Each structure stands twice: as C-alpha cells, then as structure tokens.
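Thank you all for coming. I would like to take a few minutes to go through one model with you, and I ask that you keep the sequence and the structure in view while I talk.

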Amino acid sequence: MNLPLTPATALLAILVMALVTYITRAGGVMVMSRVPIGPKVERFINAMAGSVLVAVILPLAVQGDWGARLALVATLMVMLTTHKPLIAITAGMATAAFWRLI
C-alpha cells in the first residue's frame with residue numbers, strides 16, 4: 001500500500017500509530033489487571049523486560065556501525081557507574097553524535 005506523501009497522510013500515519021500504541025498499552029493493562037501477581041508472574045515479568053531489552057540492543061551491536069557500538073558501551077559504562085538511566089542514555093546519544101560528527 002502506497003500513500004502519497006502529503007501533510008494529511010503524514011498526520012494520518014501518526015494518528016494510526018498513536019491509536020495502535022494506545023490500544024496495545026490499554027490492552028496490556030486490562031489483561032494484567034485480571035492476572036494475580038504472584039512470585040511466578042513477577043519473575044516472568046522481570047525476565048521478559050530483560051529479554052525485550054536484549055532483543056532491541058543485540059541487532060544494533062551486531063549490525064550497527066562503530067558509532068552505535070561505542071554508544072552502547074558508553075551507555076553501559078555510565079549506567080553501571082551512576083545507576084541513572086537518563087544520564088546513561090544521554091551519554092550514549094552524545095557518544096553516537098560525536099562519532100558521526102568526526
């Protein structure tokens with residue numbers, strides 16, 4: 001399906017993506033409100049968060065350029081030392097931007 005690139009189609013695409021995101025999040029909340037959170041479910045949720053993170057980061061580390069790899073290393077190092085995600089993400093973004101600048 002190809003849509004012509006106009007401001008109206010761009011707005012339509014943004015609205016559709018926002019709707020899908022909202023439905024996904026609201027559906028997750030509705031489903032999890034009916035599941036009793038016991039030790040097994042809590043372990044599953046904690047393991048799932050880590051596996052999603054690895055699924056997002058690993059392809060970037062394997063197929064990305066050196067700027068992406070250095071950004072991942074910088075993010076990891078800052079996160080391990082400061083334990084502050086926002087500072088770590090900022091360090092990774094700054095590293096990638098600096099690598100692409102030079």
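Predicted model: local features only at pLDDT ≥ 70, side-chain atom pairs only at ≥ 80, totals over all residues.

Residues are numbered from 1 along each chain as its sequence is written, and side-chain values use heavy atoms, with hydrogens and water left out.

The secondary structure of the protein chain comes to 4 helices and 0 strands, where helices (H or I, at least four residues) and strands (E, at least two) are DSSP runs numbered from the N terminus. Read along the sequence, that gives the pattern α-α-α-α. The radius of gyration of the protein chain is 19 Å, well over the 13 Å that the globule rule gives for 102 residues, so the chain is more spread out than a compact globule; the radius is taken over C-alpha atoms, and the rule is 2.2 Å times the number of residues to the power 0.38. Along the principal axes, the C-alpha atoms fill a box of roughly 50 × 50 × 25 Å. Of the 102 residues, 9% count as buried, and here buried means under 20% relative accessible area, exposed over 50%, and partly exposed in between (1.4 Å probe, protein chains only).

Let me turn to the helices. Helix H1, residues 7-33, has 27 residues and reaches 39 Å from its first C-alpha to its last, close to the 39 Å expected at 1.5 Å a residue, the expected span being 1.5 Å times one less than the number of residues. H1 is hardly covered, with a count of 1 buried residue among its 27. Ala 18, which is found in H1, counts as partly exposed at 44% relative accessibility, and its C-alpha atom is separated by 33 Å from that of Pro 39, 21 residues apart along the chain.

For helix H2, residues 39-63, the 25 residues should span 36 Å, and the end C-alpha atoms are 37 Å apart, which agrees. Even so, a kink of about 25° lies at Ile 57, shortly before the proline Pro 59; the bend at a residue is the angle between axes fitted to the seven residues ending there and the seven starting there.

What is the volume of the largest pocket? The value is about 420 Å³, and of the 17 residues that line this pocket, the closest to its centre are Leu 53, Ile 57, Leu 72, Thr 75 and Ile 89. H2, helix H3 (66-82) and helix H4 (85-101) each supply at least two lining residues, with the largest share, 7 residues, coming from H4.

Finally, His 83 lies in the loop between H3 and H4 and counts as exposed at 60% relative accessibility. Its phi is near 60°, a positive value in a residue other than glycine. As background, most residues other than glycine have a negative phi.

Technical notes:
1 Å grid on protein atoms, 1.4 Å probe; cavity = no way out; pocket = protein on both sides within 12 Å on 5 of 7 lines; lining within 4 Å. Points joined across faces, edges and corners; volume = space filled by probe spheres on them.
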